[in-house]
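Thanks for making time this morning. I would like to walk through one model with you, going from a helix pair to the charged contacts around it.

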Amino acid sequence: MNSYLKLKEGIEKGDFRILARALTLVENNIEPSLALLKAIRVKNEVPVLGITGPPGAGKSTLVNAITAHFAGQGKKVAILAVDPTSPFNFGSLLGDRIRMVQQFNNPNVFIRSIATRGALGGISVKTLEMVDVMRSANFDLILVETVGVGQSEVEIAGLADKTLVVLVPESGDEIQHIKSGLMEIAQGFVVNKADREGADMFANKLKKLVSQQHQDIPVFKTVADKNEGLASLCKWIAKTDKINNERRNFLMAEKAFQLIQHRRMLDIDKTKLRQAVDEALLRSDFNIYQFAEAWPKHS
């Protein structure tokens with residue numbers, strides 16, 4: 001049996017070790033990752049919940065609480081934690097994910113981190129592929145946690161079926177971001193650490209803003225580290241109603257463009273290209289645009 005078919009079979013059986021190996025191949029574009037991606041059956045009915053918000057909002061603690069809630073019901077949950085850091089030194093990984101440590105040995109929970117590698121939208125270009133691999137496994141819910149708030153944080157809204165924006169009572173400045181575009185990203189707001197002073201006032205401001213924008217976006221108050229407010233939030237998460245997500249169409253078109261672009265570039269020898277550029281640069285009339293236009297003829 002081909003190696004990618006063995007990977008596909010292991011993923012579908014729920015083997016976490018094989019899933020982890022497959023995700024590493026996909027993330028780093030190592031063969032047979034492309035063959036695997038073409039072979040898997042992506043279960044689009046598996047809900048993907050995006051969780052975003054500024055650093056310090058308690059996203060990891062909230063993800064841990066949500067995971068514990070659903071895993072406690074016997075659901076299988078996958079977590080993809082997107083770090084704005086290097087994939088080599090782990091950066092904030094050890095600090096931020098330590099709150100999830102109680103889930104590491106839970107047989108119903110799979111946790112994976114991925115670096116953004118400079119992606120402006122808060123998710124790596126490989127995140128979509130990794131989520132598709134997870135969707136081909138037997139999970140009941142996939143959580144994608146990412147850092148970032150603002151107009152650049154749009155890819156998570158295209159990737160996820162529902163997107164939660166997590167804020168804290170001190171997030172007064174984030175109201176401006178909400179006015180400038182975050183409202184278009186969120187399907188739900190969470191005011192976490194709601195036992196702090198000013199939480200009720202901030203939540204009411206959010207509700208008023210939502211009402212002014214004629215949006216039907218729920219605002220939840222939680223204290224994630226005490227499991228307070230989780231029941232109503234998880235009930236909303238569990239709703240199977242599909243939210244119309246036009247950004248997913250845009251994200252898919254962009255991904256298709258990248259895949260087609262990559263395939264068409266496979267026959268270009270970069271070593272030959274560099275040699276040709278070295279030679280062309282010796283000419284005083286060198287024009288990079290004319291060179292690029294004529295390159296297929298030279299190759």
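Let me begin with a term: a residue is called buried when its relative accessible area is under 20%, exposed when that area is over 50%, and partly exposed in between, using a 1.4 Å probe and protein chains only. Please keep in mind that this is a predicted model, in which local features need pLDDT of at least 70 and side-chain atom pairs count only at pLDDT 80 or more, while totals for chains, interfaces and linings use all residues. Residues are numbered from 1 along each chain as its sequence is written, and side-chain values use heavy atoms, with hydrogens and water left out.

Because Arg-135 lies in helix 6 and Asp-161 in the loop between helix 7 (155-159) and strand 5 (162-167), the pair ties together parts that are 26 residues apart in sequence. Asp-161 counts as buried too, at 15% relative accessibility. Helices here are DSSP runs of H or I with at least four residues, and strands are runs of E with at least two, numbered from the N terminus.

Which way does helix 6 run relative to helix 2? The axes of helix 2 (residues 16-27) and helix 6 (residues 127-135) come within 9 Å and cross at roughly 155°, these axes being lines fitted to C-alpha atoms over the stretch in contact, with angles from 0 to 180 degrees between N-to-C directions. The two helices are therefore roughly antiparallel, a label for angles over 145 degrees, where under 35 would be roughly parallel, 65 to 115 roughly perpendicular and the rest oblique. Contact, meaning heavy atoms within 4.5 Å, is made by Leu-19, Leu-23, Val-26 and Glu-27 of helix 2 and by Glu-129, Met-130, Val-133 and Met-134 of helix 6.

Arg-112 counts as buried, at 13% relative accessibility. In total, the structure holds 10 salt bridges.

Key
Salt bridge = Lys/Arg side-chain N within 4 Å of Asp/Glu carboxyl O.
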